[in-house]
Amino acid sequence: MLDIIQGLFRPLDTDGPILFWAKEILGALLILAIFWMLAQLIVMALDKWGKRLASFTSTDLDDRILHRITPHVSRLLVMLGIYLAIRSLPLHEKLILVFSGALFIVLVIIVFNLIYHAFDELLQWYIAGRQHNSDALISRHMIPIAEKLTMLFLMGTALIIILKHFNYDIFSVVTALGIGSLAIGLAAKDTLAHMISGFTLMFDQPFRIGDRIQLSGGQVGDVAGIGLRSTKIKTMDNQLLIIPNSDLCNTMVINQAFPDARAKGRINIGVAYGSDVDRVKALLVATALEVEDVLRDPAPEAYFVSFGDSALNMSLFFWVEEYSQLFGTTDKVNSLIIRRFTENSIEIPFPIRTVIMEKGTN
């Protein structure tokens, strides 16, 4: 087709400079117009027939990918038309190399941008279908990391293709990058350790965004974000803890939201010696069941734990539906226990110490 167009507008020996360049530019514009019309036709075909074909599938993945890549396909064809139009002009060889080289770089960027958007749509579709599945290969909070890794990989591949096109020695570039990476790795080994720990946390998933965890230092909070270098935890006092990932990987963490959101509460209380232990245990269980937020299954349990110095030590265990209810429910149960103990004449003794003083003899 290009040969036919160039044949139609091939300058003659009798043509002057103006007519010569007029024919050449007209031929280049015709090439560009053909590719522009071809781009519009392909966009129309994708909008019409592509959507019809995609409607026969059971998922909407192909519809979403088609919607994301259609503009890039149009740009790709237009840029290809510009590339071929400039190549058809009788410009100086250096100008041809400069223009064609610049357009080649733009074409490579458009192609890899198209691939990136298709992969990103595939990733979003995968996560949307498995957002409640804990066994999913990639969790929701890993999407930004996966997108960045994909972008870096595509950028590296595009760079290699561009360097190969301009006849640069790729092996020397790779060697230089390797030496530079080694120097950077030695200078930032702590940062790399945090990044590797971040990947470990994302793949191992000891906790997820939104889970309530308890650190080895006793701090309790909800996971607000998991990054490459650090993890953000919002405490109960509305403060934001920023903890390096390597510290979290090398310490014990209690996940209160796993395996489910239910939480177990414990109330320790002492009653006076001489109290009816069975009656006290039954009263504790009945008191806990009076509170609406206490679960009936598993049922509350009360135990006689130990003999104290001045009291019989009892423990009441109960469950709530969500760990966020535990603090408020414990307050309600404690308040109700005091009331029921007062009504049933059950004494909660004060600590007593008996001091015997002997008078010394002269």
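Strands β1 (residues 212-214) and β2 (residues 220-226) run antiparallel and are joined by 3 bridges. Strands here are DSSP runs of E of at least two residues, helices are runs of H or I of at least four, and both are numbered from the N terminus. Two strands count as paired if DSSP finds at least two bridges between them. R212 has D222 in β2 as its bridge partner. The model is predicted: local features require pLDDT of at least 70, side-chain atom pairs count only at pLDDT 80 or more, and totals for chains, interfaces and linings use all residues. Residues are numbered from 1 along each chain as its sequence is written, and side-chain values use heavy atoms, with hydrogens and water left out.

The pair β1 and β2 belongs to an open sheet of 5 strands, ordered β4-β3-β2-β1-β5 with antiparallel pairing. β4 and β5 (254-255) stand at its edges; each has a single partner strand, so one side of each lacks a neighbour in the sheet. Strand β3 (residues 230-235) pairs with strand β4 (residues 240-244) over 5 bridges, in the antiparallel sense. Within this pair, I233 is bridged to L241 of β4. The β3 and β4 hairpin has 4 residues between the strands, and N238 adopts a positive phi near 65 degrees.

A further open sheet contains 3 strands in the order β6-β8-β7, again with antiparallel pairing. Its edges are β6 (263-271) and β7 (301-307); each has a single partner strand, so one side of each is left without a neighbour in the sheet. Neighbouring strands are turned by 25 degrees against each other on average, direction ignored. Axes are lines fitted to C-alpha atoms, for helices over the stretch in contact, and angles run from 0 to 180 degrees between N-to-C directions. β6 pairs with strand β8 (residues 312-320) over 9 antiparallel bridges. I267 stands opposite L316 in β8. Helix α9 (residues 277-290) packs on this sheet, touching β6, β7 and β8, and its direction makes about 25 degrees with that of β8. Contact means heavy atoms within 4.5 Å. Helix α10 (residues 326-343) lies across β6 and β8, at about 25 degrees to β6.

The largest nonpolar core has 24 residues, and L284, L316, I337 and F341 have the most contacts inside it. β6, α9, β8 and α10 each supply at least two of its residues. Such a core is a set of buried Ala, Val, Leu, Ile, Met, Phe, Trp, Tyr and Cys residues joined through side-chain atoms within 4.5 Å; buried means under 20% relative accessible area (1.4 Å probe, protein chains only). A second, separate core of 10 residues includes L201, I213, I226 and L248.

Terms used:
Buried < 20%, exposed > 50% of the residue type's maximum accessible area, 1.4 Å probe, protein only.
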